[in-house]
Amino acid sequence: MGSDANDVHPDERTLNRFADDELAERSSAAVRSHLRACDACRRQVQFIRELNAAIRAVPTPRPPADLAGRLFPETPTGRTVVPLPLETRSRAGSFLPARLRALFAAGRAAGAAVVARLSTGVRRRRIRAP
């Protein structure tokens, strides 16, 4: 039995590296060949590229000018103090303030949503260049 383009697909890492132009030319050529025949993988690469463009378009916030001074205050002698908030330590052992923990949790949730979206249920295997 012969294998057509829909039997073996590049894995997600390969598609991501292809979308980011990080593959060697031989591997890139093999993926391009597969994409000519596979609509599902073409859509996946297009989604990855659109997602990357959307992420790059998000503006980077500028921190307040006094942020370093607020995070690492100086003592009257001029020495910088790095506070360890032991009294606000969470049950999980995190020294992060609740706002940062919530922000990281939101980031993890967004990352999980991206991974879930990228998982199309198509069987993936690495395509080896001939």
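This is a predicted model: local features need pLDDT of at least 70, side-chain atom pairs count only at pLDDT 80 or more; totals for chains, interfaces and linings use all residues.
How far around helix H3 are Asp39 and Arg42 separated?

Residues are numbered from 1 along each chain as its sequence is written, and side-chain values use heavy atoms, leaving out hydrogens and water.

Now, back to my question: Asp39 and Arg42 are three residues apart in H3, so about one helical turn separates them. Helices here are DSSP runs of H or I, at least four residues, numbered from the N terminus. The two side chains form a salt bridge, with the closest N and O atoms 3.2 Å apart. By salt bridge I mean a side-chain nitrogen of Lys or Arg within 4 Å of a carboxyl oxygen of Asp or Glu.

Asp39 also meets Arg43 in a salt bridge, at 2.3 Å from N to O. Shared partners join Asp39, Arg42 and Arg43 into one network.

What about burial? Buried means under 20% relative accessible area, exposed over 50%, and partly exposed in between, using a 1.4 Å probe and protein chains only. Asp39 is partly exposed at 39%, and Arg42 is partly exposed at 36%. The buried residues of H3 are Cys41, Gln44, Val45, Phe47, Ile48 and Asn52. Down the helix axis they fall within an arc of 160°, so they line one face; that arc is taken from the directions from the axis to the C-beta atoms. On the other side, Arg43 and Ala57 are exposed.

Conventions: Helices (H or I, at least four residues) and strands (E, at least two) are DSSP runs, numbered from the N terminus.
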